[in-house]
Amino acid sequence: MSLGALMREEKKRARSTSSSQAYMSKDVDWQMLDKSRFFFLGAALFSGVSTALYPIVVLKTRQQVSPTRVSCANISLAIARLEGLKGFYKGFGTSLLGTIPARALYMTALEITKSSVGQATVRLGLSDTTSMAVSNGAAGLTSAVAAQVVWTPIDVVSQRLMVQGDMSINKHVPGVISSCRYTNGFDAFRKILYSDGPRGFYRGFGLSILTYAPSNAVWWASYSLAQKAIWSRYKSPYERKEDARGSMVVQALSAAAASGCSALITMPVDTIKTRLQVLDAEENGRRRAMTVMQTVKSLMREGGFGACYRGLGPRWVSMSMSATTMITTYEYLKRLSTKKQT
């Protein structure tokens with residue numbers, strides 16, 4: 001190869017590397033966002049995503065509280081036959097109502113933490129890769145904790161509405177009170193408040209934090225690293241930021257890669273949390289909330305450690321689809337909400 005050809009090849013590689021690095025380093029920061037547009041569009045976009053994915057959440061929840069191993073196909077057929085389409089959307093109104101403020105808290109904490117920690121890591125002289133992982137991990141941790149303040153009460157109400165059509169729970173799980181029926185979210189809120197007080201809405205709050213905070217931190221750190229790794233291997237034209245299709249492909253692959261392990265690792269804690277929020281114990285004719293130990297012992301009696309993984313299939317699918325859809329929607333939302341440069 002001639003000297004001229006070598007020089008041209010070297011310039012081409014330099015342009016490719018700089019293009020990929022420019023893409024990774026030029027993220028849409030919190031200060032660059034039009035906040036009112038960001039929250040308004042976010043509420044609309046994420047409400048649509050939640051609507052599409054809600055039936056999978058219903059299947060996951062019913063599997064987790066079922067005393068025996070039941071396939072998703074059987075649960076789906078039973079819901080369709082006995083409850084119709086509305087059975088797949090029990091508790092959806094309550095869930096959607098809570099999603100808007102929860103998502104607002106989540107996105108605010110995520111972006112503010114990412115921006116603040118990112119600036120701090122730069123001042124400390126950390127490398128780009130380390131800085132990205134640390135800032136995204138910290139942002140995932142704080143956003144999960146902030147959102148659970150709203151999400152846990154919504155989970156308690158919506159999950160009780162989700163499972164009350166599953167008669168196998170009332171027939172086979174000791175301690176579940178079959179007489180406690182809810183007509184809608186407000187009725188469930190009123191009855192829970194009357195029977196358990198305000199504490200009833202925060203059943204499993206500690207376990208929710210233990211489930212979502214670490215997994216969210218790992219997910220965001222893994223997502224940022226996966227995104228950078230995939231982009232570094234892309235060739236033209238996908239390495240260019242202007243290629244919107246290439247951006248979506250990279251974001252989707254990164255999100256899927258970050259989701260599988262998170263679902264597998266946190267599944268037992270999520271199952272215990274769901275049961276704590278939905279099921280009750282009965283002693284001497286009085287109904288009261290189950291403890292963590294009672295829940296664990298119940299699961300061990302029903303199927304050993306494997307019982308903790310009931311609902312893994314729907315949760316895995318839900319997390320992967322949700323993460324892929326959410327992150328592409330989220331990145332698109334940030335671009336739509338960027339302030340116009342003057």
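In which helix is the place of Ser143? Ser143 lies in helix α5, which spans residues 128-163; helices (H or I, at least four residues) are DSSP runs numbered from the N terminus. The model is a predicted one, in which local features need pLDDT of at least 70 and side-chain atom pairs count only at pLDDT 80 or more, while totals for chains, interfaces and linings use all residues. Residues are numbered from 1 along each chain as its sequence is written, and side-chain values use heavy atoms, with hydrogens and water left out.

With a relative accessible area of 0%, Ser143 is buried (under 20% relative accessible area, 1.4 Å probe, protein chains only). Apart from neighbours within four places in sequence, Ser143 is in contact (heavy atoms within 4.5 Å) with Tyr106, Ala109, Leu110 and Asn216. The C-alpha atoms of Ser143 and Thr113 are separated by 8.2 Å, the two residues being 30 residues apart along the chain.

Thr121 belongs to helix α4 (residues 92-123). Thr121 counts as buried, at 4% relative accessibility. When residues up to four places away in sequence are not counted, Thr121 touches Leu126, Ser131 and Val134.

Helix α2 (residues 35-65) packs with helix α11 (residues 312-336) at an angle of about 175°, and their axes are 10 Å apart. Axes here are lines fitted to C-alpha atoms over the stretch in contact, and angles run from 0 to 180 degrees between N-to-C directions. Helix α2 is therefore roughly antiparallel to α11 (angles over 145 degrees). By class, the contact of α2 with α11 has 15 nonpolar residues, together with seven polar and four charged residues. Ala, Val, Leu, Ile, Met, Phe, Trp, Tyr, Cys and Pro count as nonpolar, Asp, Glu, Lys and Arg as charged, and the others, Gly among them, as polar.

Key:
Helix = DSSP H or I, 4+ residues; strand = E, 2+ residues; numbered from the N terminus. Parallel < 35°, antiparallel > 145°, perpendicular 65-115°, else oblique. Buried < 20%, exposed > 50% of the residue type's maximum accessible area, 1.4 Å probe, protein only.
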